[in-house]
Amino acid sequence: MRNFKVGNSFLVCLFLLVSYSAFSADKTKITIVDRPNTQSANTNYIQNREPLLPRHFIKLPVGDVKPHGWLLRFLELQKEGLNGRLGEISAWLDKENNAWLGTGTDYGWEEVPYWLKGYGNMAYILDDKEMINEVKVWLEAVFNNRREDGYFGPYIERNGKPDLWGNMIMIWCLQSYYEYSGDKRVIDLMTDYYRWQLALPEDLFLKDYWENSRGGDNLLSIFWLYNITGDKFLLELAEKTDRNTANWRQRSSLPNWHNVNIAQSFREPATYYMLSKDSTDLMATYNVHHLIRNTFGQVPGGMFGADENARMGYIDPRQGTETCGFVEQMASNEILLQMTGDPFWAEHCEEVAFNSYPAAVMPDFKSLRYITSPNHTISDSKNHHPGIDNRGPFLAMNPFSSRCCQHNHGQGWPYFIEHLIMATPDNGIAAAIYSACQATVKVANGKTVEVTEETNYPFEESIRFRIKTSGKVTFPLYLRIPSWTHNASISINGKKIGEELVNGKYVRIEREWRNGDEVTFNVPMELFQSVWYVNQDSRSIHYGPLTFSLKIKEKYKEVGSIETAIGDSKWQKNADPSKWPSYEIYPESDWNYALVMDDSLPLKENFEVVRTSWPSDNFPFTVESAPIEIKARGKKLIQWKIDQYGLTGELPIKENRTYEEKTEDITLIPMGAARLRISAFPVFHIGVAE
């Protein structure tokens, strides 16, 4: 795991401003801070009500942040791809005999709200009227299918107890719709539904596996509603939810080892900390994050090996994570960033978003695979159990398959976009996660400004912010200083500020802003490495927020989507597999390379960073289009091959390796652009006996 530190002094400095302040001649005040001070109360956006602790960052209403650059291109591909057109394929989105629409009894569980969560937020961000009308079809049915006792939607029982998991997801869809539309029916529905939950006997509440693991999602929505209505019964329900949710506070174990449950549910104690104010709740979330990675996450890309469930004996970087796991981890990081202000969560979100998630989908976003691994050199339709925990064709890119990821993946980029620009308690603006965008934000005493962020980050070191305002206005702008950068600098209207920027903190720029003001934030990127000691001392090479993988020539083989689908897949009778093909991916170049390295030299002398042209289609996440490459040297490791399960072999034991004599020039590309990849490399040390 990268050495991102949560120091022992974390609790002491949680709300403190640190370091120093300085004033420039134009009365610009520059301060280095751990995170925004929560002693102020934002007067423009809904903040946590007492007795909840205030959040350090406040998410803007969905649609107020618009993506630009490669991120907009990704969202456009998502709209024209699987998420945007899933209604043509998925049986769960068939409008005939659909329990969520009230037209029948089928398809009443998680799939509809999973899809709607990403599709709806994408529609609001793109302001696409046709898509928004489609969202309303489903939400109007939710409003119309409320029971008198407060329950809504399909009623599912498992072992005589109501299963509330699907409703938790649909509530998130309704929250986004309220942010976009202000429709008061959302508040009425949620209030009635939560009164129903409060009246439900505890022995019937959150007892099924999925809802029990993921009760933290229920808790977040309860707090969201409480911040709007102030209804005290919601705090009682919050306590009840926490009591009946799986115990994610264990020091050295977990309630279960399912990858999505962990990525989604580990934040529950930190969420409850907003009410309990007990620091052990907050620390429990940090503990789970590190606990799973200390054993199963000694790999690049920010995730951990749990190809369904994490298993002892399966910790090699050839183990993978579900696509659902990637997007849920990103969402958890974004939520924790709001609650704690800790820049750790912003950096980890970027690590997963830039390095792991993009390679889980086809470049045209029309299909995805269930499992993606840091070392992943074959992507076929075979059953790889027990090398992979689950049984079935989990590695092929199939639009008809992987029903949870098929519906849930769409939240990844919309939620990411929503957190690029946020409000702060002192009526300011913050950028903690970076990508090109434009945001409309209320600052100071309610004045609306527009912030445009121009950059090709993470492929570029320069991030430029332009302020558009109808008049002068004073407010603070917070920028996260990445932990990996050195000699970061800021210029305001072309004039460089002299203050030292401290890694892993925020710079707070308070000034009287004028229309057209520009801030240029330069974050120099350098090579650094991670050493995965428990995985045969393998190494990963990083450049800024990007991790690099071996450049492997990828051969795409089209296969039938129906024939290669996972067993529980379902599709509409009119779904045309010829329009939605599946792909297997095979290597057409050798992949079994060890890096040749001389540790007596600085790291930068072992590699050469080469910047290439920016792709004409504005999409940098393919082998051909990656705008940065690293030139390296490698030796083939003879015994490293595809194993008996048809998977990339585990890293050979370091004391028993045989290399080819020849040293070759090899190329590394960003991990997120490599759908076949070696990202954790064995190392051949020059001058050291192997």
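How many of the eight residues of strand 17 are buried? Six of them are, so to speak, under cover: strand 17, residues 506-513, is mostly covered. Keep in mind that this is a predicted model.

Let's stay with strand 17 and look at its partners. Strand 2, residues 29-33, joins strand 17 through five bridges. The two run antiparallel. Within that pair, Ile32 stands opposite Val507. Strand 14, residues 473-480, also joins strand 17, here with eight bridges. That pairing is antiparallel too. Find Phe475, and opposite, in strand 17, you will find Arg511.

Seven strands form it, in the order 4-11-12-13-18-15-16, and the pairing is antiparallel. Which strands stand at the edges? Strand 4 (65-67) and strand 16 (495-496) do, each with a single partner strand, so one side of each has no neighbour in the sheet. Now move to strand 12, residues 447-454, and strand 13, residues 462-468. Five bridges join them, antiparallel again. Val451 stands opposite Ile467 of strand 13.

The loop between strand 12 and strand 13 holds Pro458. Tyr457 and Pro458 are joined by a cis peptide bond, with omega about 15 degrees. There is another cis bond to find. His385 and Pro386 are joined that way, with omega about 5 degrees. Pro386 sits in the loop between strand 8 (371-372) and helix 14 (403-408). Why point these out? Because most peptide bonds are trans.

Now to strand 20, residues 538-543. Is strand 20 enclosed or open? Six of its six residues are buried, so strand 20 is largely enclosed by the rest of the structure. Both faces are covered. On one side you have Ser538, Ser540 and His542; on the other, Arg539, Ile541 and Tyr543.

Phe528 stands opposite His542. Five residues lie between the strands of this hairpin, and Gln536 takes a positive phi near 60 degrees there. Then comes strand 21, residues 546-550, joined to strand 20 by three bridges, also antiparallel. Here Ile541 has Phe548 as its bridge partner. This hairpin has two residues between the strands, and Gly544 takes a positive phi near 60 degrees.

On to the helices. Helix 1, residues 69-80, has twelve residues. From first C-alpha to last it reaches 17 Å, close to the expected 16 Å. Which residues of helix 1 are buried? They are Trp70, Leu71, Phe74, Leu75, Leu77 and Gln78. They cover an arc of only 160 degrees around the axis, which puts them on the same side of helix 1.

Helix 7 comes next. It has 15 residues and reaches 21 Å, close to the 21 Å expected. Of those 15 residues, 13 are buried, so helix 7 is largely enclosed by the rest of the structure.

Which helix gives the most to the lining? Helix 7 does, with six residues. Other elements supply at least two residues each, among them strand 3 (58-59), helix 4 (165-181) and helix 12 (323-340). By type, the lining divides into 15 nonpolar, nine polar and five charged residues.

While we are at helix 4, find Tyr177, which is in that helix. Tyr177 is buried, at 6% relative accessible area.

Last stop: two asparagines. Most residues other than glycine have a negative phi. Asn97 has a positive phi of about 55 degrees. Asn97 lies in the loop between helix 1 and helix 2 (111-126). Asn427 also has a positive phi, near 60 degrees. Its loop runs between strand 9 (422-423) and strand 10 (429-431). Buried or partly exposed? Asn97 counts as partly exposed, at 32% relative accessibility. Asn427 is buried, at 13%.

Note on methods: Residues are numbered from 1 along each chain as its sequence is written. This is a predicted model: local features need pLDDT of at least 70, side-chain atom pairs count only at pLDDT 80 or more; totals for chains, interfaces and linings use all residues. Side-chain values use heavy atoms; hydrogens and water are left out. Helices (H or I, at least four residues) and strands (E, at least two) are DSSP runs, numbered from the N terminus. Ala, Val, Leu, Ile, Met, Phe, Trp, Tyr, Cys and Pro count as nonpolar, Asp, Glu, Lys and Arg as charged, and the others, Gly among them, as polar. Buried means under 20% relative accessible area, exposed over 50%, partly exposed in between (1.4 Å probe, protein chains only). Two strands pair if DSSP finds at least two bridges between them. The expected span of a helix is 1.5 Å times one less than its number of residues. The arc is that of the directions from the helix axis to the C-beta atoms.
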